[in-house]
Amino acid sequence: MTRPELLRVEGITKAYPGVVANSDVSFSIGEGEIHALLGENGAGKSTMVKMIYGLVRPDSGQMTLRGVPYQPGKPAEARRLGVAMVFQHFSLFEALNVAENVALGMENPPPMRELAAKIRAVSEEYGLPLDPSRMVGDLSAGERQRVEIIRCLLQDPKLLIMDEPTSVLTPQEVEILFKTLRQLSSEGTAILYISHKLEEIKSLCDEATILRRGKVVATCTPRDRTAREMAELMVGQALKTPERRLGAKGEVALGVSDLSVASPIPFGTALKGVSFTVAKGEVLGIAGVAGNGQDELLLALSGELKSAPDKVRILSQPVGDLGPVERRRAGLVAAPEDRYGHAAAPDMSLVENAFLTAGVRKGLTKNGFVDWAGTRKFAEEIIAAYDVRTPGPDVAARALSGGNLQKFLMGRELMQGASVIVINQPTWGVDAAAAAQIRQSILDRAGEGAAVVVISQDLDELLEVADSFAVLNEGRLTKPRPTEGLTMDEIGLMMGGAHGMEVAHHVA
Amino acid sequence: MDFLGGINPVILIATLMASAVPILMAALGETVVERAGVLNLGVEGMMVIGALGGFIVAVETGSPVLGFIGGAAAGAALSLIFALLTQVFLANQVATGLALTLFGLGVSSLGGQGYNGIKPPATGQLLPDALADLPVVGPIVFGHDWMVYFSIAMTAVLWWVLKSTRIGLIIRAVGESHEAAHALGYKVNRIRLMCIAFGGAMAGMGGAYVSLVRVPQWVDGITAGAGWIALAIVVFASWRPWRVLIGAYLFGGITVLQLNLQVAGSGIPVEYLSMAPYLITILVLVIMSAGRRGKANGAPAALGQNFHASR
C-alpha cells in the first residue's frame, strides 16, 4: 500500500558536547502510517522526535512536511502545523481537573462547558473513557495518558508522536491504547511510535526505522520480520568478542534460590522464582528491557525488599531477612539505577553522600559520631580515582551532571572492598570514555575476587564485562550461560519478546 | 436587644465588617500570590508601607480615594523588591518575606516622621443617610464607606477569576506544577511576578484603610500584626476567597467583641481580652491542620518553591 508522504526527514545530524545523538538520519512517514522508531536506550530516538516537535534544533539536515520545508522553532509552532506529542513523563497538573488540564495545553480553548462536551465526545469516539470533571491526581497512569492523548486529538493533529507510551501502562491499558492508535491511523493520522519493545512494534506498526548509536541501521516492515531479527538489527552484529580474563573462579559468594517477591512499585513486575549463583571473581550480566523486574531484583538483593532468610545468601550466610545496613556489613553493596533520590540524596554534599552507604564498611564513625575527616578523605579518593568533575567534595550531589554523579556513585560502591557488588545500569547516561572506565573498574574488582552482578539494558556492555549472561523477562530469570561462545543469535532468542523461550524451542 | 452587658449586636456586626477590611484585603491578595505558588511572608511590611503611603497621599492631596491608590502603589512597589529577589535572583521566599516585613516597618517608621498627630481627610459613608438609618439592615448593609463594599466585591471577583477564567486557570496551574506549566509554554516567573505585585497592592490598600479610617492617624507600627493574621487566614480559608471573607469577619468579630467587652467592663483582665483574637487564630489553625492531612487541605503543590527554567 502506498500512501502520500507526510513527513520526510533527510540527513538530520545533532551533536551534543561529547556525543553525537543523531548522525545523518533519514526516513519518511506516509499519511496514516504507524511508523516505529526502534532502538536501544541512548540510540538517539528521543533526540530525533524532539527535533520534529521543535524542542531541539538539528545541526544540519532538512525536514519537509507535505512537501513544504519544516523547521519548527518551538512546540507551539509544531502544534500549529499539526504535529502533536505525548510525553513519556506527563505534563499534567494533579490538582486540576481533566478539562482544565486539556485547556491549558491548547492555544485557543473553547469555554469550559463546550470543552467538557468535546472531551466527552472525543473520549467516547476513541474508546478512551474519561470524565472531564475528575481531578487528574485521582487518575491512574493509563487515564492520565488518555488526558494527554485527548489534549493532542482535540487539536486535530496530522502526526502524533508517542514517546515510549506503554512504559507505565498495564497490559489492559496497552490493549486500549493500541485500539485507539489503529483507529487514528485508519482515519489518516500518522503516528510516530517510539519504543524498544519488539512485540508491541510487531503488532502495531506498519514500518520501522531502526537506530543504533544515532545512525539508521535498517528500515523494515515489522510484520515481515521476527522479533529476533529486529533485536539483532537493534543490537548490531558487529560485536567484538569480549576479552576473556583468566582467573580461577572461587567459591560461591552470592547465592539466590527460588526468590519470588511482589513488587512494591506501582505497575512493577514481581520476581518469579529467580535463582542464580555468582562465584568470587565472576561477573554475571543480566539483560532485559526495562520494567521486567530489574528494579525489583536490585531491591531484593540490596535488602530494601526482604524475603525468607535462605533465599539470598552472602558467603553462605543467609541474609534474606536482613536490611541494607546488615547486608553491607555482610559484604554486599548495591547501586540502584535512579541517581537523584535513590542512589544519592540530591541536596546533600558528596561527602555526606559518601558517608550514607560507605559509613558501615569504611568504619567512618567514631564512638557514634561521624568521622568527617575520614569521610572527606574517602570522598576525595573517589573523586580522584574516578575523575569526577566537581569543584570539590562539598558540592551538592544535584549540582553534578548525571554522568559525573554516576561516576562518583560507582566509585563509592566499588571502592568499599565489598565481596559482592550489585549494580543496576552502571553506565546509563555516561559518556563513552567514562563508561569504559567504569566497566574497567568493574572488571578490576572482579579480578580482585569480588562477585559482581551487573543489570543493564546495554547488551554491548554486558558482553564486555560479564562472564555469564542471563535475561530477566517479566520477572523470570533465564538460566545463566557463559558469555564465551554466546552468539548474537542466541542472545536475540533469549531476549526475543515476551515469549523468548517458546520461540527458542520452536526455532531449535 | 442588648446582651452581654450593653453590647448591641447590630452595631457589633456593622463594626466587625469595617474592622475586617484591612485583613480581608491583605488576605485576598495573599491568596492570589499563594495560588500562584509564591509564599510572601512580607504582608505585614507591605501593609504598613501601604498605611504610610496612603496616609501621606491622602494628607497631601486631601483626597482619601487618591490615598487608597497611593497605598496600593506603595504596597505594590515594596512587593516588587520581593519579586525581584525571589523570581529573578531566586532567593529563599521565607527569608525574603520576613526581611520584607522588617524592612517595611523600618522604612515606614522613617518616612512617617513629621506625620504624627495629623488627621487625614475623612472617608465618609457611601450611601445616603435615609438608607443607613433603617433599623437593623441600615447599619449592617447600607451604613459603610466604599472600601467595605469594595473588599466584598473583590472577594467575589477573585472567586470568579480563580474559578472560571483562563487567567485564573493559568495562575492555579503555575502554583500547582511550575515544571508542567513551563513545558506547556507559560512564563512561570512573569505570571508570579504579576501576582506578587497584585498581592502587594491589595495589602497596601488594606494598610491604608487602617491609617485613613480605622485609627485614623499615623503611628509607628500602626498595622499591629494584621499582616500575620492575614497570612493565617489564607491557610484557614484553604486558599479560597469566600472562606477568606468568613475568616476575616470571624477575626474582625472577635477583635470588636473583645474591645466591647473591655468597654462594658467585664471581669476578665484586659490583657486576656487583647490576646484573645490571636489565641483563637492559633487555635483555629491547629484544629484545621489536625483535621485534614496531606493534600486535602488544598495547598498549592508548588507553594514556596522557586522555579528556574533550566532548558
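Guide: Strand β11 (residues 252–261) of chain A and strand β14 (residues 312–314) of chain A run antiparallel to each other and are joined over 3 bridges, where helices (H or I, at least four residues) and strands (E, at least two) are DSSP runs numbered from the N terminus, and two strands pair if DSSP finds at least two bridges between them. Residues are numbered from 1 along each chain as its sequence is written, and chains are lettered from A and ligands numbered from 1 in the order in which they are written.

The pair belongs to an open sheet of 4 strands in chain A, ordered β12-β11-β14-β15 with antiparallel pairing. Its edge strands, each pairing on one side only, are β12 (271–279) and β15 (317–318) of chain A. Helix α9 (residues 294–302) of chain A packs on this sheet and touches β11, β12 and β14 of chain A, contact requiring that the C-beta atoms of two residues, placed from the backbone, lie within 7 Å. The direction of α9 makes about 60° with that of β12(A), axes being lines fitted to C-alpha atoms, for helices over the stretch in contact, and angles running from 0 to 180 degrees between N-to-C directions.

As for confidence, the mean pLDDT of chain A (the predictor's confidence in each residue, from 0 to 100) is 83, and 88% of its residues reach 70 or more. Over residues 238–242 of chain A, however, the pLDDT is below 50, and this stretch has 6 contacts in the model beyond near neighbours in sequence. Residues 497–508 of chain A also have pLDDT below 50, with 15 contacts beyond near neighbours in sequence. Where pLDDT is low, the predicted coordinates should not be read in detail.

Turning to the interface, 12 residues of chain A are in contact with 10 residues of chain B. On the side of chain A that touches chain B, α2 (75–80) and α3 (98–104) of chain A each supply at least two residues, and the largest share, 3 residues, comes from α3(A).

Conventions:
Predicted model: local features only at pLDDT ≥ 70, side-chain atom pairs only at ≥ 80, totals over all residues.
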